[in-house]
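Work through these exercises with the model open beside you. Try each task before you read its solution.

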Number of protein chains: 2
Amino acid sequence: MRISELSERSGIAVATIKYYLREGLLPAGERTGPNQASYGEDHLRRLRLVRALIEVGGLSVATVGDVITAIDTPDLPLFYLLGVVQDSMAAPAPNAADTERDRAYEIVRAEMERRGWDMRPSPQAIDMLTGVLVRLAQLGYRDWGSTVMPRYFDGVRVIAETDVATALSAGERDDIVDSVVVLTVLGDTALAAIRRIAQAQVSLEQLEDLDSL
Amino acid sequence: MRISELSERSGIAVATIKYYLREGLLPAGERTGPNQASYGEDHLRRLRLVRALIEVGGLSVATVGDVITAIDTPDLPLFYLLGVVQDSMAAPAPNAADTERDRAYEIVRAEMERRGWDMRPSPQAIDMLTGVLVRLAQLGYRDWGSTVMPRYFDGVRVIAETDVATALSAGERDDIVDSVVVLTVLGDTALAAIRRIAQAQVSLEQLEDLDSL
């Protein structure tokens with residue numbers, strides 16, 4: 001198909017597609033004339049992925065380039081590839097005094113060790129969680145890591161199993177990465193919404209006869 | 001205590017405390033002279049809450065005023081008060097065609113009905129979840145609501161029970177609202193981090209011998 005049809009079917013402007021081509025996010029089409037090229041279904045799929053990485057994942061064009069390079073390295077294990085994608089979407093951790101961070105990190109480490117979970121594939125996410133524990137301690141919620149966090153690990157395990165099964169059923173590497181990005185980012189918002197719904201329901205059940213507080 | 005000590009113990013600048021006093025977020029202290037007032041432990045607790053609502057909850061000063069008014073209405077049921085707080089922290093839903101939204105809303109409604117959950121206390125969160133379903137459908141993940149979302153409800157129920165138990169154990173209304181805000185907002189980030197950690201662990205378990213994909 002020509003670039004105009006690629007634009008129509010993807011919903012992405014021709015100028016934007018040309019920009020992605022220049023930046024190497026999209027492979028060149030097959031030359032069909034001095035100023036013309038032809039594109040296939042692979043280009044459409046790749047375009048869809050690039051848009052998901054940028055618009056949904058919030059990644060910079062440079063980071064999208066790294067992810068694309070990882071996808072196109074044929075002997076790169078899928079597990080490592082998913083690590084690259086996950087890491088690229090983790091939020092930076094706030095600064096904190098070293099002793100406070102060490103204490104928080106130790107709580108996370110102990111919890112993961114208790115469960116026999118491998119810490120190597122998720123350094124960024126562990127950093128993010130450590131940052132939350134530091135912030136909670138600063139706000140006076142010092143026990144959260146030992147009292148509440150283990151229940152979070154319990155509840156999230158079920159969710160992660162569904163996430164991974166859904167992503168792996170997507171088929172090819174491009175589609176798997178696309179679904180990891182979309183389902184991770186929008187899944188966060190869904191999780192936040194369902195948590196509020198569930199909190200309201202649980203409060204309702206517990207407080208219906210307790211309105212005297 | 002004097003305003004300088006209140007500032008020292010709360011870590012909030014005197015100028016900021018004076019601003020909160022003018023805006024009515026903090027009740028006036030007891031007059032002890034023409035230009036002096038005395039403050040108590042209640043002021044300290046309220047100050048801590050106001051800071052949590054603004055810095056952690058991301059609420060505007062006007063919205064903080066609404067929450068404070070709700071707390072100070074003695075016959076307002078705690079359940080309703082928590083509803084006000086939760087609602088104030090929900091993200092706005094994106095625009096979408098009516099039929100697409102109707103379809104997404106119906107999926108959420110059916111799931112909640114199946115569980116016997118009351119929809120009335122969480123209109124904003126339901127709207128937020130409906131928005132996610134619309135966005136997923138636009139990106140080609142139309143089945144997510146029927147295949148994946150039920151597992152999210154399962155996993156989140158455990159987490160919400162811990163959240164509510166923790167909040168209710170906080171004691172007074174100010175402290176309960178403080179903990180709802182802090183634990184809801186920072187809990188979202190913790191949940192996102194733990195989800196990435198769990199996804200990595202589940203991927204590792206499932207892909208260790210499957211690196212051929």
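This is a predicted model: local features need pLDDT of at least 70, side-chain atom pairs count only at pLDDT 80 or more; totals for chains, interfaces and linings use all residues.

Residues are numbered from 1 along each chain as its sequence is written, while chains are lettered from A and ligands numbered from 1 in the order in which they are written.

**Exercise 1. Buried or exposed?**

Task: Classify B:Arg2 and B:Val181 by counting other C-beta atoms within 10 Å.

Solution: 
- Start with the rule. A residue is buried if 20 or more other C-beta atoms lie within 10 Å of its own, exposed if 12 or fewer, and partly exposed in between, with C-beta atoms placed from the backbone.
- B:Arg2 has 14 such atoms, so it is partly exposed.
- B:Val181 has 26, so it is buried.
- Now place them. B:Arg2 sits in the segment before helix H1 (3-10) of chain B, and B:Val181 lies in helix H10 of chain B. Helices here are DSSP runs (H or I, at least four residues), numbered from the N terminus.
- B:Arg2 touches B:Gln36 and B:Ser38. B:Val181 is in contact with B:Ala52, B:Leu53, B:Val56, B:Gly57 and B:Val85. Contact means C-beta atoms, placed from the backbone, within 7 Å.

**Exercise 2. Sequence and space**

Task: What separates the C-alpha atoms of B:Val181 and B:Met89, and those of B:Arg2 and B:Glu55?

Solution: 
- B:Val181 and B:Met89 are 92 residues apart along the chain, and their C-alpha atoms are separated by 8.2 Å.
- B:Arg2 and B:Glu55 are 53 residues apart along the chain, with 24 Å between their C-alpha atoms.

**Exercise 3. One helix in detail**

Task: Describe the length, bend and surroundings of helix H9 of chain A.

Solution: 
- H9(A) covers residues 149-168, which is 20 residues.
- Its span from first C-alpha to last is 28 Å, close to the 28 Å expected. The expected span is 1.5 Å times one less than the number of residues.
- H9(A) bends by about 30 degrees at A:Val156. That is the angle between axes fitted to the seven residues ending there and the seven starting there.
- Its buried residues include A:Tyr152, A:Val156, A:Ile159 and A:Asp163.
- Cover for the buried residues comes from both chains, including helix H6 (98-115) of chain A and helix H10 (173-207) of chain B.

**Exercise 4. Where the chains meet**

Task: Which helix gives the largest share of the side of chain B that touches chain A?

Solution: 
- Count first. 60 residues of chain B are in contact with 60 residues of chain A.
- Next, the share. H10(B) gives the largest, 21 residues.
- Then sort by type: 38 nonpolar, 11 polar and 11 charged. Ala, Val, Leu, Ile, Met, Phe, Trp, Tyr, Cys and Pro count as nonpolar, Asp, Glu, Lys and Arg as charged, and the others, Gly among them, as polar.
- Zoom in on B:Leu129. Its contacts include A:Ala190, A:Ala193 and A:Ile194.

Key
Helices (H or I, at least four residues) and strands (E, at least two) are DSSP runs, numbered from the N terminus. Two residues are in contact if their C-beta atoms, placed from the backbone, lie within 7 Å. Lists of a residue's contacts leave out its neighbours within four places in sequence.
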